[in-house]
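Please look over the sequence and the coordinates first.

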Amino acid sequence: MSGHMENPVISLKLLIDQEKNKVVFAEAGEDFVDVLFSFLTLPMGTIVRLLETHQKSKSVPIGCFNNIYASVASMAMKHFSSQASKQMLLYPGSLNQDKCQKTKLRIDDSQASKCFMCPMFVRSGQCSKEYSNFNTSRCSCGNLMNEIIQFQGEGGSGGNGGVFVRSSAGHTSFMISDDLKVEVNSVVSTLKLLNGLGYPNCDKLVEMILDINLQEVATLLECLFTSETPLTDTFLKKKSSCGIKRMLSPPALIEEEEERESKADQTITLNAYVRKKEGNIMYVECGEDFVDLLFTFLAMPLESVWGSISGNGIVLGCLGNLCKSFKELSVVDSGREGSGLKSVVPHYYKCHEKQQQLLDVLVTIHKPPTYYRFVSFSVDHYREYCLTEKSDKRLVYGWDKLLPVTCKDPKSEGNNNSAGFVKKGTKFMVTDDLIITPSNSASVLGMLKDKQISLDDVECRVICIKQVEVIKLLRASLVSFSALSTGLLAMESSSTSVPESRFYKKPKIET
Ligand SMILES: [Zn+2]
């Protein structure tokens, strides 16, 4: 294994039209395509975090997602149900994390998910028979559950071949167009692409071989949202074209959903403060249920957020092209289900019945595995234990008991399971562009004052949120800067470019 490589690079061959200073296409191996595909498996919160670290000054906002993320970062710990709740939103976990770690250039620096248990687990009879994925959970005996669990038979194989790329067909070379359509490299596909772009042959094209590094991968991730020519922007111009081009087609976005066979009867009710004249929502007042829902958006992989939009005539950078290639060329793994629209998020994102039902068309919440503990009484009173994923009897010769150890909800500090991210009973205020703050009358009045709006110009409307509204809200969060008005009132997104004021301050992450 090449784990010792400090600064890995991936080699890439570009075919360039020198006259136009433009990449026509790139030739690359599985390693590069895996990196591109890994982008789509990243949770939205991770993308926001990575881009904000990558961009030293201004960051290109990904719709309203930067604001949701910044709201988590700046909200005081006392409003969260537990320390882990904030942590899992700032550093979202994903079921594809292991895979992403195997890519050659790993953009996501998050730690792989671990399991912890109480250090007293073996000795104390008082300990709850639970493990946690966060070392901040507390055992029923009062201790922190901070002992890392080593599993039997841990340490999987490195594995050759593609991580996300389906490699069974033995493809080793791919061609990637400037707008990120990925195809298996062949004479036919090359000619087709060249012809399509108006090049009768390769005469005018120059080859350039590059070793690309993590820095360039981050630029590429940014360009995925902002550019229609990410390869040219990243490798020839060395920057992303900052002007976000959004071809919002409002009719498609607001089009009434076919009445979905909705089994969900759960709804969330909000008080929306709407400007009478303009008709846009200034902010909504809501309880923890709506905030839990918005915060869950951060855990959703890019692919499924885009999946809720695609086919609606909306173009956002090259996302559509890359997602299409991903569906065609990637392994169908456990992280995706059926059509690929619905993704699976880790079990600890489960909040309450309402959240699960309302998000059901978009994500499935993974079921936490139950592990087994072996306890031995064989050598005097000496007890030993180990955990394994399966109740595999072959391992247990000499062990007396096989006991299940279940998963603890790291969000709940008490004994009640399945808590939300934020504390129950708190009231929140959410602005049109999804800045979320615990509300008090001062913040509301301050805001009206700031915007020089008199109370007479504002009316309160009650809005009821069902599954359909959740989908609309998610779409609007990605493609507009007025998610509430666009998603809930079907207002045309007021702008197609990034308003200056939307460069929300970089969040200071307090943990
Ligand atoms: Zn304990």
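The accessible surface of this protein comes to about 23,900 Å², and 49% of that area belongs to carbon and sulfur atoms. The model is predicted. Of the 511 residues in the protein, 52% are buried. The secondary structure consists of 16 helices and 21 strands. Among contacts with a separation of 6 or more, those between residues 24 or more positions apart account for 70%.

How many aromatic pairs does the count come to? The count comes to seven aromatic pairs. One of them joins F80 and F295, whose rings are stacked, with 6.4 Å from centre to centre and 15 degrees between the planes. The cut-off for a pair is 6.5 Å between ring centres, and planes under 30 degrees apart count as stacked. F80 sits in the loop between α3 (65-74) and α4 (83-90), while F295 belongs to helix α10 (residues 288-296), so this pair ties together parts that are 215 residues apart in sequence. F80 and F295 are both buried.

Another stacked pair is made by Y273 and Y283, at 4.8 Å centre to centre and with 20 degrees between the planes. Here Y273 is in strand β10 (residues 268-275) and Y283 in strand β11 (residues 281-286), so the parts tied together are ten residues apart in sequence. Y273 and Y283 are buried. There is also an aromatic cluster, formed by F134, Y348, Y349 and F421.

The cysteines are a separate matter. A disulfide is a covalent bond between the sulfur atoms of two cysteines. How many disulfides does the count come to? The count comes to zero disulfides. C318 is in no disulfide, and the nearest cysteine sulfur, that of C223, is 8.8 Å away. The cut-off for a disulfide is 2.5 Å between the sulfur atoms. Is C318 buried or exposed? C318 is buried, because its relative accessible area is 2% and buried means under 20%. C141, by its relative accessible area of 23%, is partly exposed.

Two backbone angles remain. N21 is not a glycine, yet its phi is positive, at about 50 degrees. N21 lies in the loop between β1 (10-17) and β2 (22-28). With a relative accessible area of 36%, N21 is partly exposed.

L180 is likewise not a glycine and has a positive phi, of about 65 degrees. L180 is found in the loop between β6 (174-177) and β7 (182-184). Is L180 buried or exposed? L180 is buried, with a relative accessible area of 1%. N21 and L180 thus both have a positive phi, but N21 is partly exposed, whereas L180 is buried.

Terms used:
Residues are numbered from 1 along each chain as its sequence is written. This is a predicted model: local features need pLDDT of at least 70, side-chain atom pairs count only at pLDDT 80 or more; totals for chains, interfaces and linings use all residues. Side-chain values use heavy atoms; hydrogens and water are left out. Buried means under 20% relative accessible area, exposed over 50%, partly exposed in between (1.4 Å probe, protein chains only). Rings of Phe, Tyr and Trp (its six-membered ring) pair if their centres lie within 6.5 Å; planes under 30 degrees apart count as stacked, over 60 as edge-to-face and the rest as tilted. Helices (H or I, at least four residues) and strands (E, at least two) are DSSP runs, numbered from the N terminus. Contact means heavy atoms within 4.5 Å. Accessible areas come from the Shrake-Rupley method with a 1.4 Å probe; for residues, only the protein chains shown count as cover.
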